[in-house]
Amino acid sequence: MVMEAQSQQTQQILRRNRPGTSAKEFCQWPDENFEEMDSTLVVQQYIQQLIRKDPSNVEKLLTMPDGQDEGVWKYEHLRQFCMELNGLAVKLQTQCFPATCTQMTATEQWIFLCAAHKTPKECPAIDYTRHTLDGAACLLNSNKYFPSRVSIKESSVLKLGSVCRRVYRIFSHAYFHHRRIFNEFEEQTFLCLRFTHFVTKYNLMSKDNLIVPISDAGEIPGESEA
Amino acid sequence: MDGLTINSFFDNDGGFDSANGANEFVDLEFTYADADTHLNEIAELYSYTEHNEFQLNVKAFEDQMEMYKLKPLWQQLSKEQHISIILKLIDQLEVLDNTMRMKAARTLLYLAQGCWVEVQSDEEQQSLSRYNVMLLYRSGVFQAFIELLNLEIENATTANVAIRKIAVSLADSVDLRVILSVLYIITEVMRAEKEISESEYKDLLEAFVQEISQPIGDELLAVKLLGMITRFCSGSAPHFPMKKVLLLLWKISLVSLGGTDTLKRLKNEYRVREGLPVITEDTLEVSKTMRASSPPPTAGNDDNIPKRSRPFRRVRNIVISESLMKQSSLDEQEQLGMELEAQNAENEDDIPDYYRQLDDPMNGDKNGSALNETEFHKQPSIAASIPPSQHPTLPWAPKVRQKDIYQFMDISRRKFIGYSLPDNCETTAGLPKPICEGINILKRHLYTSLADVQIKREEEITRNPLTKGEDEVPINPTEILYQAILPNLPQYMISLLKILLAAAPTSKAKTESINIMADVLPEDMPMTVTQSTKLGIDVSRHKEIIVKAVSAILLLYLKHFKINHVYQFEFMSQHLVFANCIPLVLKFFNQSIMTYVGSKNIIPIMDFPSCVIGEQPELTSDLVIGDSEPYSWRNIFSCINLLRILNKLTKWKNSRIMMLVVFKSAPILKRTLKVRHAMMQLYVLKLLKMQTKYLGRQWRKTNMKIISAIYGKVRHHLNSDWAFGNDLDARPWDFQAEECTLRTCVDRFNNRRYFSQISNAVRFPDQTNLSNQNTGLNSIDNGVFNGIENELNINNILNSENLIENDDAFDLTKEFKNNYETWLKEEVYCANPIDWNEILKEPNLILINEIKNSIHYSTYFMKSG
């Protein structure tokens, strides 16, 4: 994988998407070794690079490089999940309306309150999605809890669990109520699969609450299964 | 008595003279601490009437476990299973359905309580509770419960139901109590963890302290709880369970700000930073080595509660009349002679009695246990056998204030040289040698407090607002708390005092405005005698716990504000004084204090966890009231807290000392001396010392024992004329002015440091929310200049209003007419920050003077407005 010969060349490569970059060219730069990355956002760069290469390779994606701070690793992954989840939210907007999905629910038994407000409220599913993603973005970018992306306080790492819990409900709502959109999205990104593995690996959610079926082989569950 | 046994140490009903004769000389073995033992602090969370609800918690747990298809045996599950279950429960906390939510909450409460069904002993329960709490906290339960609390506070239905009810009962606060209990248990376990030096959960503890010391969401937890208290007092939420709220607030503050040790460390840290020497004396330690004095014999006269209890006059503004001045017009020499005579005339028996403070009865017991107390009392030989190490000298190093030195030198100069040299304490030219020696001794004991340094800095900033900027305000938990409670501090203080008043044992049921019993009274009134006795004890216990929590909160805040910045302390204490804290505390002590200190409002078998672990006896049979302790820990704790609050409020403040005199505190305090505990007596003596000079010769004459005790136990201020009062500062006509000057200083401090932020917060709430995320660092950086700018703007508006009003009378200057458009453009429409450097570059004296004037004017305006 390491391309010694190209290292000279790599020096000149600017990994930027300049204004006017075409969709084909977008992010089309050669890979870089984790050890050679020297920006302050190495972890994000590394994770994004792996995702571009193969989003379904969960094992590789979640393997933490040696000497990496676990808090930062978890933080950057969750950040990436939230960023990509916006894609699902955009797709949901075409089908999930406050009038049709009046409550945030997956299976009938569980209707959730939207925790983005000072006093938790009963929001329609799409609003829950928007509020939760906004809230997550706010928290993950807040100077107070995450002033640095190099080292993160223990107290802030503890906050990640609640974000995962809430964000996961977006997956489950999409799966149970907007299966087509969910499958389309999952085929491209494997996001739910990755997320499920992530929260299981780091014990951020209980297995029993991961209600969207995921096969270990990493295949997308078909409609027939449900 | 219907199967009730009372462990009685003091016979509460009878007179003390006979019943307590033997106990009179027994010191109370009470050790003051930040809080009681962990076990007791947990037990006090629940009232006895809540007993039935414990079973609901187990039921909820068992139901949940059945749902998960597991056996309801927590200890048999693995840690992974524990975590998984907790995570599932948290998920359930966010569902819409209230019953589902509360079921999860109850299950979590049961876990926090240490799964008591499965354990055999208290220790087992405690260690399981500790393990679970740490697991809960790590999984984010605390955060989740705060959201639940938010939800429940705003729950309009329960509030409406409660408001309409005539008698609010336990049933109205079921959900809130579950939530608050979980929060409290987590906090209390963390507090106990803080006392262990080598804790395996150190990282979690640090994370917890950090979390509660910072706003959660956009609100500090302490502020949320204070808000609950205010709402309760305003009557809009009568169902809030005040005891639990207060206990939680106390513990949250204690864990976040830190207790005695932290205070001591911070004080010395700050002193070193200011270049002051470290303090080694520790009031707690010194008072531990002191022996309690025997109560003054005259106290017996007003021993029983005064038969016609004089109602307190409601004095809003202290009217200081001439009659309050020292009554004696004798000159000092003569007075001294009289006092000496009086001392000699005192009952012979009494005199060795007050030297007895140096005795050690333990010693006496060892030497001759056959001696009964009275014999022992009369044996001077035992007094001679005291080990000299006890107190060879006075317990405290004397102190001198800078002011005292100035005063002494001024007097000496005027006496010997005939002129004064204000603000100079260096030159001793022309003064005789003994005076110089005196000055040297004074200087050697000179004590500069942190407050002195802070006040001086404030003065400098006020004098030079442009060149002497604000140092960066260090952000620490106290500072965050102060900034958060500043806007509503007066209301918070009033609410806390209202509750304290309602919970005071002397207050009658007439305080109908608030009913603090809502979280102890069951829905159905008791039917049998046992039940009603039980309820009676429960109610008294409930009140005592509330007093304990309120007094601890107030004292903790005062202490922390005092070392953080003296004007923060003064702001809080001034509002306490305005809310009549001084008469309220005195009213509290105007009761049979021995009864209160020795009260037995406890049924050990009903305390958690004893009430749920093991075989439960039939409640009707053989209920033992009271424990084996000779005193009630929480009541002495509250008494000492209240005395310390009183001391903090009145120290060096003549106007407030006068309130002590006006409200006739001397006999009340004198009765309080009956409690034989050195530390408590010390604070009482301090309070008596500061007012002695106003009490008149007659009082001093009859209370020489107290005066001697003060001499022996309270710190000396060299040259201080505390007993006879020739203090120039003590002139009554200065009192009002004193309080006003203080107020001006405090307001100036608050306006400069915080006003700009607050006004911004009011005007642009959205922006401040955003900038809150930056921990307000920016807003503090530019504090000084913003403050001035704001004041200037207000001033401009003010001036322009004047212009409109006095249109005819006032001619605008030519310059103004010519240039006002430019001015408007630059100052109003563009509202660019004023470039102060521009001014400094080209010193324009007139302009600077103008600015200064307007600052003074606008501060005045804001005060009157």
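**Note on a helix pair in chain B and a listed site in chain A**

1. H13(B) crosses H25(B) in a left-handed sense. The model is predicted. Helix H13 covers residues 260-273 of chain B, and helix H25 covers residues 529-564 of chain B. Their axes lie 10 Å apart, at an angle of about 15 degrees. Angles under 35 degrees count as roughly parallel, so H13(B) is roughly parallel to H25(B).

2. Which residues of H13(B) and H25(B) meet? From H13(B) come Leu263(B), Leu266(B), Lys267(B) and Tyr270(B). Facing them in H25(B) are Lys559(B), His560(B) and Ile563(B). By type, the residues of this contact are four nonpolar, one polar and two charged.

3. Turn to chain A. An unreviewed UniProt entry lists Cys96(A), Cys101(A), His173(A) and His178(A) under "binding site". These residues span 83 residues in sequence, but no two of their C-alpha atoms are more than 10.3 Å apart, so they gather at one spot.

4. Take Cys101(A). The loop between helix H4 (70-92) and strand E1 (104-105) of chain A holds Cys101(A). Cys101(A) counts as buried because it has 20 C-beta neighbours inside 10 Å. Neighbours within four places in sequence aside, Cys101(A) is in contact with Cys96(A), Pro124(A), Ala125(A), Ile126(A) and His177(A).

5. Now His173(A). Its place is in helix H7 (residues 160-177) of chain A. Is His173(A) buried or exposed? His173(A) has 24 C-beta neighbours inside 10 Å, so it counts as buried. Again setting aside neighbours within four places in sequence, the contacts of His173(A) are Met104(A), Thr105(A), Ala106(A) and Ala125(A).

Definitions and conventions
Residues numbered from 1 in each chain as written. Chains lettered and ligands numbered in written order. Predicted model: local features only at pLDDT ≥ 70, side-chain atom pairs only at ≥ 80, totals over all residues. UniProt positions renumbered as here; feature names shortened; annotations may be inferred. Helix = DSSP H or I, 4+ residues; strand = E, 2+ residues; numbered from the N terminus. Buried ≥ 20, exposed ≤ 12 C-beta atoms within 10 Å, placed from the backbone. Contact = placed C-beta atoms within 7 Å. Axes fitted to C-alpha atoms, helices over the stretch in contact; angles between N-to-C directions. Parallel < 35°, antiparallel > 145°, perpendicular 65-115°, else oblique. Left-handed = near helix turned anticlockwise from the far one by under 90°. Nonpolar A, V, L, I, M, F, W, Y, C, P; charged D, E, K, R; others polar.
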